[in-house]
Number of protein chains: 2
Amino acid sequence: MTTIDEIAALDRADPLAAFRSEFVLPEGMVYLDGNSLGAASRAALAAVEKAAREEWANSLIASWNDAGWFTLPSRLGDRLGRLIGAGAGETVVCDTVSINIFKAMEAALNLRPGRRVIVAEASSFPTDLYMLEGVRSRHPDLRIRLEGVDAPRLEDLLDTEVAAVLVNHVDYRTGALRDMAALTRQIHEVGALAVWDLCHSAGALPVDLNGAGADLAIGCSYKYINGGPGAPAFVFAASRHVAQLKQPLSGWWAHARPFAFDLGFEADPGIRRMLCGTQPILSMRSLEGAMSVWDRVDLAELRRKSLALTGLFIDLVEERCAGHGLELATPRDPALRGSQVSFLHEGGYAVVQELIARGVVGDFRRPNLMRFGFAPLYLSYRDVWNAAEALRQVLDEGSWRSRNAEAGGAVT
Amino acid sequence: MTTIDEIAALDRADPLAAFRSEFVLPEGMVYLDGNSLGAASRAALAAVEKAAREEWANSLIASWNDAGWFTLPSRLGDRLGRLIGAGAGETVVCDTVSINIFKAMEAALNLRPGRRVIVAEASSFPTDLYMLEGVRSRHPDLRIRLEGVDAPRLEDLLDTEVAAVLVNHVDYRTGALRDMAALTRQIHEVGALAVWDLCHSAGALPVDLNGAGADLAIGCSYKYINGGPGAPAFVFAASRHVAQLKQPLSGWWAHARPFAFDLGFEADPGIRRMLCGTQPILSMRSLEGAMSVWDRVDLAELRRKSLALTGLFIDLVEERCAGHGLELATPRDPALRGSQVSFLHEGGYAVVQELIARGVVGDFRRPNLMRFGFAPLYLSYRDVWNAAEALRQVLDEGSWRSRNAEAGGAVT
């Protein structure tokens, strides 16, 4: 059994402990939903206010050049690149995950003319699949094969008809982590392209896109990266593909000479060809503030602490909540999980509500999944102890049963 | 000749004068670039800070529901609807102008199956044309006819092959205003759809999309609407079309049940089907702050003052700068102009730089166009007087000639 003294010792020895003071979090809250919306750093808040009051209100139009607004997508992309194993000139920050999926998949189809199958996962966050439907609406001969529908394993859907595979690095429900290098290799063996969705891995663990030979990637910045609510997403393309990328959202920010106001479109020679229109600067600045924290984070330390936190949570919960019908949905093997722990429980919705009422914020996914995200920059081992203890109390007291009845199953 | 006493009398009688105090502008600056980036209202700045510090930092994930983040696109769309003559449920605020052009044109093509021509203007802001190229890349049989290339007048390009016309309400270079009702009628006569680009008219004058029978429209919120740098754009569809709209950027925010996480896409029955992915909340809140100013603006008064300001500027400049080679590029007839005055001048670039150095901020477009935008909410008649006087001084002193030589033609 783990003791509170051991927990205190873990916190004293934590090399990332000092980052906690750089974040604003409500007093007493254990925030385990950073996998959904990351916490605010003081740097992000300050960056937003400076952008609004100084750059916009006082400098107005001059800020497009003087404050570097126009170059933010590529500058932030390069900076974010360290978190995902990208080199300079391979990443831009822009638009939304959904829109970047569209661009990336269209670009992938253009890189593999004649191939007319896309492989994806039925277990994907749905917008990935909805965007693939949108892509298909313009390519009548395109077929989509789904892991979980057309075969149990994605690997079994690969053949030489496949143009590209859109695959999540970390599953948003279970927190299961794919082996990026191995799967990319298998995808390449049939001549297809690997397009990685990093929404639940960027900022949660070291990602090595180039080490794995990935072709394209997309992801969001508002979860583990802490860019702020709805902060712009990113899109990556390996340098070997950049000059050939072609995507139909060819707005003026993707033009080789955006201020020449040419009549015809000519794509930027670099990664900016994945841009489209004018970006939301206040939200971009918020992300830039968040990146000023990330610049100082050792990603190996991040991973060590992440696995220690999630491992501790699994152990504490299983120690204390035995017999309450919890079922671990996350891989027990540390090498196979991201920075999230999920449990199945028949009263999942009500239990999460009871936890929130006690200041432990996780979230719920139908029909019976409780998700707890562990952001190593602002969580302590003591937080994990407190969260497990709150879960024990909720389950022991059984008050979730009446709450579940109240909710009447009308869970949204 | 207009006298300074007459100017003072105009300011005293201005029913919109009180709005000036709601905006933050640098002391002594005459800001005539609100047609490019609108000024910051105190309400917008406060809304951004509240969203960052309270909603994000303190309430975190709960704000998606409790603070109404998720419904911002439709709530802001309805609110903005008054400025453009839209009814409830016809407008959403989201994404960028470029992306909304793509959605609107794809939706228009879906509404007119079998028709394979789009008409647009060579004089359009280029992103409109670049996005049409993107649309065409997915429809190999699609043809684009351009006013200014294929015929001098857009009206001459209309026939029964035309699916849709993408047309600017106000020209971004000259400030010329189209007759929306008349042109929409002509477009409908051949069975085509009218898609209006309102970037330079929304917030500059009363727009009446429904009065004109417009089919679709797009526009930005960071110019005259003062939503902030890169604030989200909007897209409108007439209620008669909403249930039939189909566009390929079908992300989860456009789903009928976004939180059911269905495997397949089913479009929202309403205008939210024009959404795609997660929106930048801080930038959305900035726009919401700006809208709290607009809610109190009488649009007829706005138009009256706008025409008085632009008319006065034309008169004063022509009185004082005669013989300096200025050529008015904006229609002299008030019924034919937006809220902008443009002059052609051989030293346009240098003259604009000299004006900026004197605190009068306009902008320059190659090869020789000086643009001055007049935002009636924060400009006074005295500002117009001062701007015309500054222009006279610059031209009389002739210092722009040496600056032009310095610049060596390397204008970007």
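Modeller: Gladly! To compare copies, they are superposed by least squares on the C-alpha atoms of residues with pLDDT of at least 70 in both. Please keep in mind that this is a predicted model. Done that way, chain A can be laid on chain B with an RMSD of 0.0 Å, by a turn of 180° and a shift of 0.0 Å along the axis. That is the relation of a two-fold axis.

Where do the two chains meet? The contact takes 64 residues from chain A and 64 residues from chain B. On the side of chain A that touches chain B, at least two residues each come from α2 (42-58), α5 (97-111), α6 (126-137) and α10 (281-294) of chain A. Of the helices there, α6(A) gives the most, with nine residues. By class, the residues on this side of chain A are 38 nonpolar, 19 polar and seven charged. Because 100% of the interface residues of chain A are also interface residues in chain B, the copies meet through the same surface.

Now for chain A by itself. Chain A contains 14 helices and 15 strands. Along the principal axes, its C-alpha atoms fill a box of roughly 70 × 55 × 40 Å. For 412 residues, a compact globule would have a radius of gyration near 22 Å, and chain A agrees because its own value is 22 Å.

Two packed helices are described by the angle between their axes and the distance between the axes.

Let us take α11 (residues 299-320) of chain A as one partner: its axis and that of α13(A) are 9 Å apart, at an angle of about 30°. That makes α11(A) roughly parallel to α13(A). The crossing is right-handed. From α11(A), Leu309(A), Leu312(A), Phe313(A), Leu316(A), Val317(A) and Arg320(A) take part. They meet Tyr381(A), Val384(A), Trp385(A), Ala387(A), Ala388(A), Leu391(A) and Arg392(A) of α13(A). This contact has eleven nonpolar, no polar and two charged residues.

Val351(A), Glu354(A) and Leu355(A) come from α12(A), and they meet Ala390(A), Leu391(A) and Val394(A) in α13(A). The classes in this contact are five nonpolar, no polar and one charged. Notice Leu391(A): it meets α11(A) and also α12(A).

Before you leave, a few backbone details deserve a glance. Most residues other than glycine have a negative phi, and most peptide bonds are trans. Arg366(A) and Pro367(A) are joined by a cis peptide bond, with omega about 5°. You will find Pro367(A) in the loop between β14 (363-365) and β15 (369-373) of chain A. In chain B, a cis peptide bond joins Arg366(B) and Pro367(B), with omega about 0°. Finally, Asn226(A) has a positive phi of about 65° although it is not a glycine. Look for Asn226(A) in the loop between β9 (216-219) and β10 (234-237) of chain A.

Note on methods: Residues numbered from 1 in each chain as written. Chains lettered and ligands numbered in written order. Predicted model: local features only at pLDDT ≥ 70, side-chain atom pairs only at ≥ 80, totals over all residues. Contact = placed C-beta atoms within 7 Å. Helix = DSSP H or I, 4+ residues; strand = E, 2+ residues; numbered from the N terminus. Nonpolar A, V, L, I, M, F, W, Y, C, P; charged D, E, K, R; others polar. Rg over C-alpha atoms; globule rule 2.2 N^0.38 Å. Axes fitted to C-alpha atoms, helices over the stretch in contact; angles between N-to-C directions. Parallel < 35°, antiparallel > 145°, perpendicular 65-115°, else oblique. Left-handed = near helix turned anticlockwise from the far one by under 90°.
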